Amino acid sequence: MERADRGARRGDASGAAIEVNDLTVAYREQPVLWDVDVAFRKGVLTAIVGPNGAGKTTLIQSILGLVRPAAGRIRILGQPVREGRRSVAYVPQRGSVDWDFPTSVLDVVTMGTYGRLGWIRRPGRRERAAAMEALGKVGMEAFEGRQIRQLSGGQQQRVFLARALVQDAPIYLMDEPFQGVDARTEAAIVEVLGDLRARGDTVIAVHHALQSVPEYFDDVVLLNVRRIASGPVQEVFTEANLRTCYGGRVPFLQAVTERPAPATGRPATGRPEDAPPP
Amino acid sequence: MSLPDLLHGLLFDFTLRTVALGAAVLGALAGALGCFAVLRQQSLLGDAISHAALPGIVLAFVLTGSRATPVLVLGAGIAGWIGTLAVMAIVRGGRLPEDTALGIVLSVFFGFGMVLLTWVQGRPDARQAGLDTFLFGQAATVLPGDVALVAGVGSVAGLITILFWKEFKLLTFDPDYATALGLPLRRVDFLLTGLLVVAIVLGLQMVGVVLMSALVVAPAAAARQWTDSLRTMVLLAAVIGAGAGVTGAAISATARGVPTGPTIVLVASAVVAFSLLAAPRRGLVAEMLRSARVRRRIRADAMLMDLYALSRQHVEPGHPHPVATLQAMSGRERGVSASLRSLEARGWAVHTEGDRAEHAAGRLPGASSDRHWAITEAGRIRARQLLETGVGPRPGPGEPAEPGSPEVPA
């Protein structure tokens, strides 16, 4: 009872896509996330940043029910994880699967339709058409028949993004979508993010490249086992917060905080070449 | 027994035909389900299951006094399943890695089974005779009723695999994503592993607990070499498994005293060895041919650069040079002519026959039999291109490798 009241007071329960309250996750008694409260706003792009081991991936996996929290409450569009995760499309880290698996690009993307197909039913023409459309959105339609081993890292990332797009969910959870991708893939992902925001979808992405946070995202969560800060980029992406989060060692701090954050309507064509060199 | 006799027997001998049919169904099922185990990197699970089944077989006999196959298979299934659950529980406990868990379960259960078997064999009970054939399998002990059991249960297991194809594929490829989609991962995992247990215990009578896992792993490993489609891989593994099963069972059933398990394993291993060598793309031979081709091309490119360098030392770029010069430049004794010929085939170099008169007059160096080589205009263009892009393997079609994005260092 008391917990529910606190949740309602803290965050605009109606406006949050995902609400995380008092989340604690531990591996062998070692806390990975400690009493984390975050409300992810609907219809905006949120970056989760923090040093290695900050629990960014664990936060994503808790929301999806992939790890069992020691304590806390997670609501997805007001529903508990088991029901709510149907509204979430997941883009895992590229390295989480064996890319030598005997399957084709189109087949992997079609897996995004398995959730709505339900048991036993097989994907048919409609599902494959949806998969092709999603491949088109990430500029990969020419690769439909390609064995997935033959893809570059960036292409693999775009295949995973297309698989999530096929789910046609209102919320997207992405675990380091920009990790080690080529310029072309980065541009393609940024364009997709822009489209999703234009449609009113919610995107939550673990992000490593601090300098592109103001350019690509609306909100940011600074995480280091505890939640350091969260909110609109202009308000919380400050030098002080970054120092707290990264323990004073922020290599790009200067570049990040000096960078003017465009207020609204950012073009969806941000290219990594524009980013300041390290 | 000669091969024609064996074929004749397979077709017309009732006993042999029965055994072969059972071995075919069994091999197909084990091969197909083995694909999932191999792709999930659980190749050893089959070994643990089959070894864990041994105490179940002996206990089933001790408790019921029956030597009927369905009774023993049921006992094997229960023990195998308990062994599998033990592996899963140990892994979930997080104290030990999976391979250690498999090793422990395998040896503990098998050791217990051997103790039981020795004890039973020491009892004054004649009916225990033949229980030890479950160690290495004896196709000759298989009766028509046993084959009916294998065929019936095997067909149901195959049908379930087809029905839950999409779920099994997703579980095997990306279990986290499957969970995120709302797939009840634990139940699908139990179903798939349960089918593997069924396939294995059905095969124990014919193949034996010691080597049954070979019939699970080998067809899948062989099939993987030939295809990049899961469906083709599973079908191919089923065919290979059936083939190995029939061949092994037939040889064992007709040659007195030859156990079936080792025979099947030898046949299946031969198919694996052949596949590793001969498969297109993934095979060893294909890979050697590929790297030889790349080496040849790199050598030819280097030779072209040598010719280009020589041509720049002359006013007239088409000035021919003897092979000996090029040998000295490239530091290679052999293969120089082959490289030059391949350049010529692409129009980048031309040769002139060494002119005896010129040699006699001392105007051309080298032996009189030497050809002289010169770079062509197309070759010079190509050489300048190579100077830009570098000598080496060309990137494949599509995009270049990613340069990496700016990152926050750890």
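Q: What share of the contacts in chain B with a separation of 6 or more comes from residues 24 or more positions apart?
A: In this predicted model, residues 24 or more positions apart account for 71% of those contacts in chain B. The corresponding share for chain A is 68%. A contact here requires heavy atoms within 4.5 Å.

Q: What makes up the secondary structure of chain B, and what makes up that of chain A?
A: Chain B has 18 helices and 3 strands, whereas chain A has 12 helices and 9 strands. Of the 410 residues in chain B, 47% are buried; of the 278 residues of chain A, 54% are.

Q: How do you know that A:Thr110 counts as buried?
A: Buried means under 20% relative accessible area. A:Thr110 has 3% relative accessibility and therefore counts as buried. A:Thr110 is part of helix 4 of chain A. Leaving aside residues up to four places away in sequence, A:Thr110 touches A:Pro123, A:Glu127, A:Arg128 and A:Ala131. The C-alpha atom of A:Thr110 is separated by 34 Å from that of A:Val32, 78 residues apart along the chain.

Q: Why is helix 11 of chain B said to be largely enclosed by the rest of the structure?
A: Because 12 of the 15 residues of helix 11 (residues 212-226) of chain B are buried, the helix is largely enclosed. Among them are B:Met212, B:Leu215, B:Val216, B:Arg224 and B:Gln225. The buried residues of helix 11 pack against helix 2 (14-39), helix 3 (43-64), helix 10, helix 12 and helix 13 (260-278) of chain B.

Q: Why is helix 2 of chain A also called largely enclosed?
A: In helix 2 (residues 56-63) of chain A, 7 of the 8 residues are buried, so the helix is largely enclosed by the rest of the structure. The buried residues include A:Lys56, A:Leu59, A:Gln61 and A:Ile63. A:Gly65, with a positive phi near 75 degrees, follows helix 2 of chain A.

Q: Which residues touch the most other members of the largest nonpolar core?
A: They are A:Ile18, A:Phe40 and B:Leu204, in a core of 164 residues. Helix 10 (residues 185-207) of chain B supplies the largest share of this core, 12 residues. Apart from it lies another core, of 18 residues, among them B:Leu304, B:Tyr308, B:Val323 and B:Trp373. The contacts of A:Phe40 beyond four places in sequence include A:Ile18, A:Ile48, A:Leu59, A:Ile204 and A:Val221.

Q: What lines the second largest pocket?
A: The lining divides into 6 nonpolar, 4 polar and 7 charged residues. Of the 17 lining residues, A:Asp107, A:Arg128, B:Trp165, B:Lys169 and B:Arg231 are the closest to the centre of the pocket. Helix 4 (105-110) of chain A, and helix 8 (165-173) and helix 12 (230-254) of chain B, each supply at least two lining residues. The space in this pocket is about 420 Å³.

Q: How many Å separate the centres of domain 1 and domain 2 of chain B?
A: The centres, taken over C-alpha atoms, are separated by 61 Å. The domain assignment places domain 1 at 3-262 and domain 2 at 286-388.

Technical notes. Residues are numbered from 1 along each chain as its sequence is written. Chains are lettered from A and ligands numbered from 1 in the order in which they are written. This is a predicted model: local features need pLDDT of at least 70, side-chain atom pairs count only at pLDDT 80 or more; totals for chains, interfaces and linings use all residues. Side-chain values use heavy atoms; hydrogens and water are left out. A nonpolar core is a set of buried Ala, Val, Leu, Ile, Met, Phe, Trp, Tyr and Cys residues joined through side-chain atoms within 4.5 Å. Buried means under 20% relative accessible area, exposed over 50%, partly exposed in between (1.4 Å probe, protein chains only). Helices (H or I, at least four residues) and strands (E, at least two) are DSSP runs, numbered from the N terminus. On a 1 Å grid over the protein atoms alone, a cavity is a set of points where a 1.4 Å probe fits but cannot get out, and a pocket is an open set with protein on both sides within 12 Å along at least five of seven lines; lining residues have an atom within 4 Å of a point. Grid points are joined across faces, edges and corners, and a volume is the space filled by probe spheres set on the points. Ala, Val, Leu, Ile, Met, Phe, Trp, Tyr, Cys and Pro count as nonpolar, Asp, Glu, Lys and Arg as charged, and the others, Gly among them, as polar. Domain bounds come from an automatic or database domain assignment.
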